Amino acid sequence: MGLLKSIAQIKPTKNIEVNDNVPTFEEQRKTYHEDGHATSRSCQGRSENLQASLDAIYFKFENKCKKEEIEQIKLKQPYVTELKGKKTLSLTKDEELQREKERIEEKENKIEKLRSDIVHVRRSPQDFGIPVDRRSTSKFWIGSILLTFLTVYIFIFYISTSFSAFFRTFDPSTELFGGMFYPKALQEAYDAGALELGFILFIPFVFFGLGYLIHIFMHKHSIGNIFKVILLFITTFIFDALLAYLIDEKLYNLNKTFEDPDFSIAVAFSSPSFWVIIFAGFVSYIIWGLVFDIVMKEHADKDKIENYISSLESEIKNLLQIIDKQNDTILSLEKVISENKIRCSELEDIIDGFILPIRNYKALSSEYLQGWQECITSEIVLGPEQTRDYLNECRKVYDTHITKLDLDTDDYQNKVYTKTL
C-alpha cells in the first residue's frame, strides 16, 4: 500500500443514516464465539479448517469495517481535526513566508540604492548635503605636490643654514649661496659627532611643528588663536634672523678690513645678504604653512565624503546581516511548510482510505478460537493426548494467522490503510 500524493482537500463527508440495529461489541463477541464452536463441530476441530475459517472471518471483518461509514467517520475524526489544523497552519506560514520575502526585497532594494549613492556621492557630494568644493580633489593633489617639494626644500635649507651658522668654518672663497646651502653639511656633522648630526637633522621638524600649530590655531577662529599665530610667526622670524645673522657675520668677517666697523645688528640690517637668508627660509616657511593649511582643509573635505561613504557601507553591512537572519527564518518556514504539506497529504490518504480497529479484531478472532477450542474439548471425542495436540495445533494456526496479517506486534488500537494509487 502506498501514499496518495498531492490530494487537494478533504472530501466532504456524506450524511449517513444511523442504523439502530447494529449489534453491540459484546453481542459480536458472543456471535464469533458461537460461530467458532459451530464450525469446529462441523469439521471435527481440524486445524486446516481453522486456518481457512480465520482467513474468511478476517476478510469478512475487513469488508464490514469498510462499509460501516459511521464507524469509519468516528475513527477518522482525529485525523480530520489534525488536517484542519495543519491546513490552517499552512495558510499562516505561507502568509508569514510572503511577508519575510517582501521585507528582504525591500532591504535588497535599499542596499542597491545605498550602493548607487556611494558611486554618486564622489561625483556630486552637494546632492547629498555635504558642503565641499567641487575642485577639492584637484586642489588637494596640487597642494600635496607643492607641499612635498617645499618640505624637501625647507629640510635642505635648515640643515645647511643650521650647520653653517653653528658649526661650519668659512674660507675666503665662500660666497652667499655657498654660505646658505652646503652639500657636505650632513657628512661633516656626522664626522663631528652624534650631537651635531642630531641637531641639524631634527631642527627642520621644529619649523614643521610650528607650521602644524599655525594650522591648528587657524582652524578655530578666536582672538586667542590669532594672538598665538602672531607669536609663532614672530618666533620663527627671530630664529631665521639669528641664523641669518650668524651666517652673514661669518661672511662679513672674511672680507672685513681694518677700516670696516665690527659686525653688529645695525650692520646686519643694512646687509642685503642678511635679508636674503631670512626670506629664503622665512618666506618659504610661510608658504609651506599656507599650502599645508590648504591641503589639510581639502583633506577634511575628502574626509567628509569618506565618512559619509563609511556610514553608507556600515548601513549596508547591517542590512546584509538582517537579510542573513531573515533568510534563515525563510528556510525554517519553508521546511515547516514542506513538512506540513507532506503530513497533509498523508492525512488525506488516511481519510480517503479506511481504518481497521485491530484490538477489536483480535478480541473477536480470539473469541472465535475459544469457541473452536471449546468444541474440541467438549463435543469431539478424543483421547487426552490427541485433544491437547488439537488444541496446540489450533493455537499455532491462530498465531500464524495473526503474524501473517502483521497484527502481532501492533499495540495500538487502529491500523490505518491509506488510499492506494
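Surface patches are made of residues with over 30% relative accessible area and no salt bridge, with like charges joined within 9 Å and nonpolar side chains (Val, Leu, Ile, Met, Phe, Trp, Tyr) within 5 Å. A salt bridge is a side-chain nitrogen of Lys or Arg within 4 Å of a carboxyl oxygen of Asp or Glu. The structure is a predicted model, in which local features need pLDDT of at least 70, side-chain atom pairs count only at pLDDT 80 or more, and totals for chains, interfaces and linings use all residues. Residues are numbered from 1 along each chain as its sequence is written, and side-chain values use heavy atoms, with hydrogens and water left out.

F166, F167, F199 and L242 make a nonpolar surface patch of about 330 Å² (Shrake-Rupley method, 1.4 Å probe, with only the protein chains shown counting as cover for residues). F167 is located in the loop between α4 (136-166) and α5 (176-180); helices are DSSP runs of H or I with at least four residues, numbered from the N terminus. With a relative accessible area of 34%, F167 is partly exposed, a class that lies between buried (under 20%) and exposed (over 50%).

The largest nonpolar core has 35 residues, of which Y158, F274, I278, Y285 and W288 touch the most other members. Such a core is a set of buried Ala, Val, Leu, Ile, Met, Phe, Trp, Tyr and Cys residues joined through side-chain atoms within 4.5 Å. Two or more residues each are given to this core by α4, α7 (194-219), α8 (223-254), α9 (265-269) and α10 (272-352). Its largest share, 10 residues, is from α10.

Five aromatic pairs are counted, taking rings of Phe, Tyr and Trp (its six-membered ring) with centres within 6.5 Å; planes under 30 degrees apart are stacked, over 60 edge-to-face and the rest tilted. Y58 and Y361 form an edge-to-face pair, 5.1 Å centre to centre with 80° between the planes. Because Y58 lies in helix α2 (residues 47-67) and Y361 in helix α11 (residues 358-378), this pair ties together parts that are 303 residues apart in sequence. Both residues, Y58 and Y361, are buried. The pair of Y368 and W372 is tilted, at 6.2 Å centre to centre and 40° between the planes. Y368 and W372 are four residues apart in helix α11, so about one helical turn separates them.

The structure holds zero disulfides, defined as pairs of cysteine sulfur atoms within 2.5 Å. For C375, the nearest cysteine sulfur, that of C43, is 8.0 Å away. C375 counts as buried, at 0% relative accessibility.

Note on methods. Buried means under 20% relative accessible area, exposed over 50%, partly exposed in between (1.4 Å probe, protein chains only).
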